[in-house]
Amino acid sequence: MCVNMRILPAALFFCSLMLSISITCSKLQSDALREAISGIKADVEQKQRKFVETIELQIGLKNYDPQKDKRFSGTVKLPHVPRPKMKVCMLGDAQHVEEAEKIGLDYMDVEGLKKLNKNKKLVKKLAKKYHAFLASEAVIKQIPRLLGPGLNKAGKFPTLVTHQEPLEGKVTETKSMVKFQLKKVLCMGVAVGNCSMDEKQIFQNVQLSVNFLVSLLKKNWQNVRCLYLKSTMGKPYRIF
């Protein structure tokens, strides 16, 4: 049999890449994940609340020293919005303020920001009031001068919005983003869904979140101690 030696290295690389992806994905068992999601949905049906419960991915890490090792931080966009009621504020120019008014989005213009007068307490209060901020190009450049480092310290520095993209779409995109950030402890939790979503949507969000988290870790799955899924008022279900 004649083998083209120029093709062989590429073929071997592709095979090893697919094997690597297969090994990475196989760590999170689909059956265990589906079982956990079904359990959460059944619990919610049994004891209905007056609000929609959020589903959180709870993460325990190992073989990591937050003091010595580089602390990772990464953001990923999920296919389905996990927190539709997430509070977003537009720090906008005249055009964006008008757009925000039309879609019922909270906003502040430059004059409103000036009134805060770089007051640390007021800026901190603003940061606490919202989960995320968006800003027009003309305004984002002025944020450090108008507000100081308050929003940045809170991990909520605004995301840029241009006039070439619809504001409503940017709000939906912002609500679809989840951030993984290692701080001083080896555990964290991120919202990956809510109990009004169907099981397939929750599954897709969790799978993407976990695979993204693992890609941030220096030793991938070897740094994962445990993974749990939990609704706001429900019991935790272990998925790894």
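Colleague: Which residue caps the N-terminal end of α10?

Modeller: Aspartate 198 does, with one of its side-chain oxygens lying 3.2 Å from the backbone nitrogen of lysine 200. Please bear in mind that this is a predicted model, in which local features need pLDDT of at least 70 and side-chain atom pairs count only at pLDDT 80 or more, while totals for chains, interfaces and linings use all residues. Residues are numbered from 1 along each chain as its sequence is written, and side-chain values use heavy atoms, with hydrogens and water left out.

Colleague: And how many residues does α10 have?

Modeller: Helix α10 covers residues 199-216, which makes 18 residues, and from its first C-alpha to its last it reaches 26 Å, close to the 26 Å expected at 1.5 Å a residue. That expected span is 1.5 Å times one less than the number of residues. Helices (H or I, at least four residues) and strands (E, at least two) are DSSP runs, numbered from the N terminus.

Colleague: Which residues of α10 are buried?

Modeller: Ile202, Phe203, Asn205, Val206, Ser209, Val210, Phe212, Leu213 and Val214 are the buried ones in α10. Buried means under 20% relative accessible area, exposed over 50% and partly exposed in between, with a 1.4 Å probe and protein chains only.

Colleague: Asparagine 205, then: why does it count as buried?

Modeller: Asparagine 205 counts as buried because its relative accessibility is 0%.

Colleague: What is asparagine 205 in contact with, leaving aside its neighbours within four places in sequence?

Modeller: With those neighbours set aside, asparagine 205 is in contact with Leu78, Pro79, His80, Pro82, Val192 and Met197, where contact means heavy atoms within 4.5 Å. For Val192 there is also a polar detail, as the backbone oxygen of valine 192 lies 2.9 Å from a polar atom of the side chain of asparagine 205. A polar contact is a pair of N or O atoms within 3.5 Å; within protein, one must be able to donate a hydrogen and the other to accept it, and residues adjacent in sequence count only if both atoms are side-chain atoms.

Colleague: Changing topic to the strands, what order does the open sheet with antiparallel pairing have?

Modeller: That open sheet has four strands in the order β8-β1-β9-β10. Strands β8 (187-194) and β10 (237-238) are at the edges, each with a single partner strand, so one side of each has no neighbour in the sheet. Helix α2 (residues 30-46) packs on this sheet and touches β1, β9 (224-231) and β10.

Colleague: How many bridges pair β1 with β8?

Modeller: Strand β1 (residues 54-61) and β8 pair over seven bridges in the antiparallel sense, and DSSP has to find at least two bridges between two strands for them to pair. Threonine 54 has asparagine 194 as its bridge partner in β8, and glutamate 56 stands opposite alanine 191 in that strand. The pairing of β1 with β9 is antiparallel as well and runs over seven bridges, with leucine 229 of β9 as the bridge partner of leucine 57.

Colleague: What about valine 190, is it buried or exposed?

Modeller: Valine 190 sits in strand β8 and is buried, because its relative accessible area is 8%. Not counting residues up to four places away in sequence, valine 190 touches Ile55, Glu56, Leu57, Lys179 and Phe180. Lysine 179 is 11 residues from valine 190 in sequence, and the two are 7.3 Å apart in space, C-alpha to C-alpha.

Colleague: Which residues form the covered face of β7?

Modeller: In strand β7 (residues 177-181), Val178 and Phe180 form the covered face, while Met177, Lys179 and Gln181 form the uncovered one. Strand β7 runs antiparallel to β2 (residues 73-77), and five bridges join them, with glycine 74 standing opposite phenylalanine 180.

Colleague: Which strands make up the open sheet with parallel pairing?

Modeller: Its four strands come in the order β4-β3-β5-β6, and β4 (106-108) and β6 (159-161) are at the edges with a single partner strand each, so one side of each lacks a neighbour in the sheet. Strands β3 (residues 88-91) and β5 (residues 132-136) pair in parallel over four bridges, and leucine 134 in β5 is the bridge partner of methionine 90. Helix α9 (residues 167-175) packs on this sheet, touching β3, β5 and β6.

Colleague: Last one, how many helices and strands are there in the chain?

Modeller: There are 10 helices and 10 strands, and 38% of the 240 residues count as buried. Among contacts between residues at least 6 apart in sequence, 77% join residues at least 24 apart.

How values were computed: Axes fitted to C-alpha atoms, helices over the stretch in contact; angles between N-to-C directions.
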